[in-house]
Amino acid sequence: ILLEAGDDLLPDLLQGRVTVRGRPEEEAVLCTPSATYAMKFVGTSNSMFLIPPGEAVAASLRPDHTNEDATVASAAAASIIKVAPGSIELVRTAPRLDKLRSLLRERPYVLDEDLGDGSEDKQGLYTWQDLCVLVQSSDSELLEGLNSLSAVEIDGFWRTVDVGSVNTVLDMILHNSVLHDWLLNALPENAVLSVMEADGFTHKIVAHCLSRFGTKVEQEAGSCWKLDERLVCLQFARRALAAGKMKLNNFMDKWERSIPSGMRADLQMLEGEVLYERLGAETWVHAFSVADLPLTPAERFAALFRERPRWEWKDLQPFIRYNNGLACTWSVFRRVADQIRKKNATKR
């Protein structure tokens, strides 16, 4: 099978830095260390004969079995290895990270978890090598996907952390910041880890939560963590909406009372995380996160229109941008939306 590759891919191909990934039931993709390519077979109307290089060519005989005259260009004959009906074309594509999300959701980490030693205790857990086999993505894109899902490697397995466990650790960090007079924009790393470990929390999970909700800052006195106001407030907003749809006024009151002192709640923080609905004179709000939507454009639009049959552009826009690189222009939106509309019209 012939493979057509651009000059930019040749170094990775010739040095063996590519892999073909996919399960038997999936369409194969070719992955370099940093990119994923769909493999599309392209047929050709002309026959392509594969001939071994450097093969000796015999002079052909005329129909009367005599050699051609020297003044006549002699025809060459060569053995043919194969007649190729076409070639595989490589097209840059987005990594198939929906599967990564579903795999990590099988068994999120919970505090005080005991894995045990039996193989049955490891069901639903995946090492880096497992994910490389199961997920159609380059190594670099796979790592970016794990980071975007706030995954952490625990005992050799990549896990997401249970929401309740994240809330518990965050609450304890904030509680200790009050007890020990730590500034939320300068939490001393060593002191936080020491105090939290004394409270029974593992170093790995505390460090993970600090990186999830803050930014590390190096100072002369040592490493500190600056908590991100938006990320912390967003976590408390999700907690407030966990019970379901709420009146906007009630939600804002509950949200503002729950966030740490010194932080300010702002509805702009919730872009891509909630939907608003006008019912009579009241505005209601409920959780609807872009992180829970499919990554492929067609599936994402189908999910969006199942949630709401009509959208204003300002409401829709946050949900067609995604930090894993999914970006949708207006023309792509119109094309996919038209396809969905035609499909729905046909069903009716």
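## Contacts, burial and surface

Among contacts (heavy atoms within 4.5 Å) between residues at least 6 apart in sequence, 61% join residues at least 24 apart in the protein chain. This is a predicted model, in which local features need pLDDT of at least 70 and side-chain atom pairs count only at pLDDT 80 or more, whereas totals for chains, interfaces and linings use all residues. Residues are numbered from 1 along each chain as its sequence is written, and side-chain values use heavy atoms, with hydrogens and water left out.

The chain has 348 residues, of which 36% are buried; buried means under 20% relative accessible area, exposed over 50%, and partly exposed in between, with a 1.4 Å probe and protein chains only. The accessible surface comes to about 20800 Å², with 52% of that area belonging to carbon and sulfur atoms; areas come from the Shrake-Rupley method with a 1.4 Å probe, and for residues only the protein chains shown count as cover.

## Helix α6 and its cover

The secondary structure comprises twelve helices and 15 strands, taken as DSSP runs numbered from the N terminus (helices H or I, at least four residues; strands E, at least two). In helix α6, residues 189–198, the buried residues are E189, V192, L193, V195 and M196. An α-helix has 3.6 residues a turn, so residues three or four places apart point the same way.

The cover over the buried residues of α6 includes helices α5 (163–179) and α7 (203–213), together with strands β10 (187–188), β11 (214–219) and β12 (222–227). After α6 comes G200, which has a positive phi, near 100°.

## Salt bridges

The count of salt bridges is 17, each being a side-chain nitrogen of Lys or Arg within 4 Å of a carboxyl oxygen of Asp or Glu. In one of them, K216 and E189 meet at 3.3 Å, N to O, and this pair links distant parts of the chain, K216 lying in strand β11 and E189 in helix α6, 27 residues apart. E189 is buried because its relative accessible area is 15%, whereas K216, at 40%, counts as partly exposed.

R239 also forms a salt bridge, with D171, the closest N and O atoms being 3.0 Å apart. This pair joins helix α8 (residues 229–240), which holds R239, to helix α5, which holds D171, across 68 residues. R239 has a relative accessibility of 29% and therefore counts as partly exposed, and D171, at 29%, is likewise partly exposed.
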